[in-house]
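Hi,

Here's the structure I promised to pass on. Have a look at it first, and then read my notes below.

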Amino acid sequence: MLTHCGCLLLDQGDFLASLLNGLAAAMAILPEEFPVVFTIFLALGAWRLSRINVLTRQPSAIESLGAATVLCSDKTGTITQNKMEVARVKSGHTMGLINSEDISDYEIIHWAAMASPSDSADPMEHAFFRALEQKDQQHLSKQVLIKEYPLSRELLAMTRVFNDGDDRVVAAAKGAPEAIVELCGVDGDFKDAIFDEVATMAAAGCRVLAVCKAVAKSPSLPDSQLDLPFYFLGLIALEDPIRPEVPDAIRLCKKAGIKVVMITGDHVLTAHAIGKKIGLESELILSGAEMAALSDEELSDVLQRCNIFARIQPEQKLRLVHVLKAKGEIVAMTGDGVNDAPALKAADIGIAMGNKGTDVARESAKLVLLDDNFASIVTGIRLGRRIYDNLQKAMSYILAIHIPIIGLTLTPAFWGTMPLLLLPLHIILMELIIDPVCSIAFEFEQEERGIMNHPPRKNNVTFFGGKQLLSSFLHGFLLFIITLVTFLISFKEGHSVEQARMIAFSTLIIGNLFLIFSKLSKTRTVIEYIVELNTSIITIGTLVIALLIALALVPSFQHLLKLQWPGWEHYMVALASSLVMLAILELIKLFNLKTSN
């Protein structure tokens, strides 16, 4: 097309005009702003997220954030404050267990601390040590550890064995009540009494652990902790307060059409109590064992009614991600442990914890939550929607403003007697306005009204679809027609080519300004922006006015751009023409707002 345009002018015998027109057409048709704007938006978006304690490891996550439909979050440390405190202790003896030692609550905590590594980062284990007196903490640090039986998927309990002198060893174990009951071989009424007490504690929203101990005379230890002669000591309830901002964040997610799923390793009743406190309603609470018994198809159906999962293993988080993604959901998943890495990597938006997360988890995630706060994730989703909207509006503006530039460049080539409207320098001057506007004005634009009052965009929706393309083309074509008509009328009324060009160029500059004003928001009108004293509007408007004054008062500037000053009244013509375009665009915006509501 560029060669054809040059040839048309060359046929008219004007080689210089054909060269200038071909060069101008090449500059107009290639919108080089797209990659620049996209890069700047993602870079500034990562900076904005960092200010709300969300670190971006992969820029693509910024775009995905705004489209998240399911937010799967761990309970401990994300929904709660990760500040465990011992809330209640119940000895086995007071529950009527005749084979349980009659010891104090303090001694039960002491044995729980013995079953915990002194250098642990687990806030639950820290709570045990904080509850002990200083002298007992020092005594524990001097104990000689012989063997440790770690927590396993098959048995949710850990045991630490110490040398007690005289060829005797003592073992302290803590873990899930059902696991400790199995270790101690408790059954019948005693077992029922334990689980009744567990249910009472869990219903109050506490994490419940059981504690037991064993004494062996032989230093030779079995391969399995199940073979040690344990006897039951009691139960410890630990309380972890919820973060005060979480209930509001949950409500915001509901308004935004985002399904929140809470995942915990705690008891079902504990999960239910916490869900109730934060306003997370769930028709069904599914345990890890129940989830394991379901097929993927059955689990997919259950997910319609289930928002809370208890006693979940890390590998089950990965399965949840796969099932949700198979349903077409955009999944955000939190995690902190090494075993969470596969789920974080598989999720559309893997979010690792910055405070308590492992290096493996952070390397697998796209985002890192620096304050481990659930509310920060929701704020990040809100910001992701804003960044996506503003980027889409910037791209729409780029396409729209290039339509009149292309049209005004190519029209003389197809209209034999018409002089050139735009020269390469004119387009360069326009680019000096377009580039900073896209990179700064649109990026700094505030979020749309009600941005969290509508569901996430669908996964199959393209970034810039046919509707946006048509809208941008029509807006740009309107500015092209108004500018072209202004030029033709001015030329026919007796103005010279340079004067008519200046009137048309002024119309294009002012029309471009009004196009920016209209494109900045889908939910706010230009009048509202003026009343609000919008910084972008004031800055851009000031720059355009300064450019127009320079065109009027600097003759060398006019000579360089092949323009001629036609008098101050020509600005009224340019302003009136541009106002017509602005009125049409604003009426279309108001119509769209009315129909969408």
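How many helices and strands does the protein have? There are 24 helices and 14 strands, where helices (H or I, at least four residues) and strands (E, at least two) are DSSP runs, numbered from the N terminus. As for the overall shape, the protein is more spread out than a compact globule, because its radius of gyration is 35 Å, well over the 25 Å that the globule rule gives for 597 residues. That radius is taken over C-alpha atoms, and the rule is 2.2 Å times the number of residues to the power 0.38. Along the principal axes, the C-alpha atoms fill a box of roughly 115 × 45 × 40 Å.

Before you go further, two housekeeping notes. This is a predicted model, so to speak of local features I needed pLDDT of at least 70, and side-chain atom pairs count only at pLDDT 80 or more, while totals for chains, interfaces and linings use all residues. Residues are numbered from 1 along each chain as its sequence is written, and side-chain values use heavy atoms, with hydrogens and water left out.

On confidence: pLDDT is the predictor's confidence in each residue, from 0 to 100. The protein averages 86, and 92% of the residues score at least 70. Watch residues 1-13, though, where the pLDDT is below 50; beyond near neighbours in sequence, that stretch has 23 contacts in the model. A contact here means heavy atoms within 4.5 Å.

Of the 597 residues, 54% are buried (buried means under 20% relative accessible area, exposed over 50%, partly exposed in between, with a 1.4 Å probe and protein chains only). Taking contacts with a separation of 6 or more, 72% are between residues 24 or more positions apart. The protein exposes about 26,300 Å², and carbon and sulfur atoms supply 60% of that (Shrake-Rupley method, 1.4 Å probe; for residues, only the protein chains shown count as cover). The mean positions of the 52 positive and 64 negative charges are 5 Å apart. For that, Lys and Arg count as positive and Asp and Glu as negative, with His and the chain ends not counted; each charge is placed at NZ of Lys, CZ of Arg, CG of Asp or CD of Glu.

Most residues other than glycine have a negative phi. Asn82, in the loop between strand E2 (70-74) and strand E3 (85-91), has a positive phi near 60°. Asp372 also isn't a glycine, and its phi is positive at about 55°; you'll find it in the loop between strand E14 (367-369) and helix H17 (374-414). Buried or partly exposed, which is Asn82? Asn82 counts as partly exposed because its relative accessibility is 21%, whereas Asp372 is at 3% and so counts as buried.

- Leu284 sits in strand E10 (residues 284-287) and is partly exposed at 26%. Leaving aside neighbours within four places in sequence, Leu284 is in contact with Val302, Arg305, Cys306, Asn307 and Ile308. The C-alpha atoms of Leu284 and Val302 are 8.2 Å apart.
- Phe190 belongs to helix H9 (residues 188-203). Its C-alpha is 7.8 Å from that of Met95, which is 95 residues away along the chain.
- Gly165 is in strand E5 (residues 157-165). The C-alpha atoms of Gly165 and Asp105, 60 residues apart along the chain, are separated by 26 Å.

Cheers
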